[in-house]
Amino acid sequence: MEGPELEYVGFWLRVWASIIDTVLVMVILLPIVHAYGVHAYGGNAYWGDAYWPSVYTGTGPTWVLLTWVLPAVAVLIFWVTRQATPGKMAIGAKIVDAATGQRPSGAQFLGRYLAYYVSTLFFCLGFLWVGIDARKQGWHDKLAGTIVVRPRRGVSAVQFKSP
């Protein structure tokens with residue numbers, strides 16, 4: 001895709017993509033977390049206080065694996081293979097290198113994911129930045145050297161530097 005055929009994906013479309021991704025993660029992970037808890041505590045989902053603390057309150061290695069590691073790995077796999085999560089795919093968006101418009105490197109994708117934590121600082125200002133930045137980049141995009149684009153439907157075409 002050439003630059004003039006693309007447009008930047010703005011704040012509200014990216015919020016919509018995040019909602020889609022969050023719902024998908026919840027649909028997949030909540031039954032697993034629930035089943036793990038039922039299995040781990042004798043098969044009774046309503047067994048009392050012994051059940052709730054480690055399954056739904058964020059303690060234990062399984063909780064870390066299911067709520068932190070697994071989603072991170074899934075997101076990175078989608079980014080590396082499709083340049084987008086399912087939510088971004090639903091809105092026709094892709095993550096590209098901000099300078100060339102090409103596929104970002106694995107290091108850029110990893111850096112982008114880790115920079116999400118930077119974007120959460122100061123009341124998620126790094127994510128809100130997408131709404132005010134000319135190139136619709138959040139702090140995680142700026143730190144990783146990426147932008148989110150889709151086929152042009154609006155008026156602001158993407159501009160890349162010459163490779």
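The lining of the largest pocket is made up of 27 nonpolar, six polar and four charged residues. Please keep in mind that this is a predicted model. The chain has 163 residues, of which 36% count as buried, and its secondary structure comes to seven helices and three strands. Here is a walk through the pocket, the helices around it and the aromatic residues.

**Overall layout**

- Reading from the N terminus, the elements follow the order β-α-α-α-α-β-α-α-α-β.
- V33 sits in helix α1, and its relative accessibility of 4% falls under the 20% limit, so V33 counts as buried.
- Between V33 and T62 there are 29 residues of separation in sequence, while their C-alpha atoms are 8.6 Å apart in space.

**The largest pocket**

- The volume of the largest pocket is about 1200 Å³.
- Its lining counts 37 residues, and those nearest the centre are D21, T22, V25, P71 and V75.
- Five helices each supply at least two lining residues: α1 (11–40), α3 (61–82), α4 (86–90), α5 (106–119) and α6 (121–128).
- Helix α1 gives the most to this lining, with 13 residues.

**Helix α3**

- Helix α3 has 22 residues, which should span 32 Å at 1.5 Å a residue; the end C-alpha atoms lie 30 Å apart, in agreement with that.
- There is a kink of about 30 degrees in α3 at V69, shortly before the proline P71.
- Just after α3 comes Q83, with a positive phi of about 60 degrees.

**Helix α5**

- With 14 residues, α5 reaches 20 Å from its first C-alpha to its last, close to the 20 Å expected at 1.5 Å a residue.
- A bend of about 25 degrees occurs in α5 at Y113.
- Q108, F109, R112, Y113, A115 and S119 are the buried residues of α5, so the residue at the bend, Y113, is itself on the buried list.

**Aromatic residues**

- A search of the whole structure turns up nine aromatic pairs.
- One of them joins F11 and W12 in an edge-to-face arrangement, with 4.9 Å from centre to centre and 80 degrees between the planes.
- W12 has a relative accessibility of 67%, and because that is over 50%, W12 counts as exposed.
- Another pair is W68 with Y117: the ring centres are 6.2 Å apart and the planes meet at 25 degrees, which is under 30 degrees, so the pair is stacked.
- The W68–Y117 pair links distant parts of the chain, since W68 belongs to helix α3 and Y117 to helix α5, 49 residues apart.
- Both partners are partly exposed: W68 has a relative accessible area of 47%, and Y117 has one of 39%.
- W68, W79, F109, Y113, Y116, Y117 and F127 form one aromatic cluster.

Methods
Residues numbered from 1 in each chain as written. Predicted model: local features only at pLDDT ≥ 70, side-chain atom pairs only at ≥ 80, totals over all residues. Heavy atoms only, no water. 1 Å grid on protein atoms, 1.4 Å probe; cavity = no way out; pocket = protein on both sides within 12 Å on 5 of 7 lines; lining within 4 Å. Points joined across faces, edges and corners; volume = space filled by probe spheres on them. Helix = DSSP H or I, 4+ residues; strand = E, 2+ residues; numbered from the N terminus. Nonpolar A, V, L, I, M, F, W, Y, C, P; charged D, E, K, R; others polar. Expected span 1.5 Å × (residues − 1). Bend = angle between axes of the 7 residues up to and from the residue. Buried < 20%, exposed > 50% of the residue type's maximum accessible area, 1.4 Å probe, protein only. Phe/Tyr/Trp six-rings, centres within 6.5 Å; stacked < 30°, edge-to-face > 60°.
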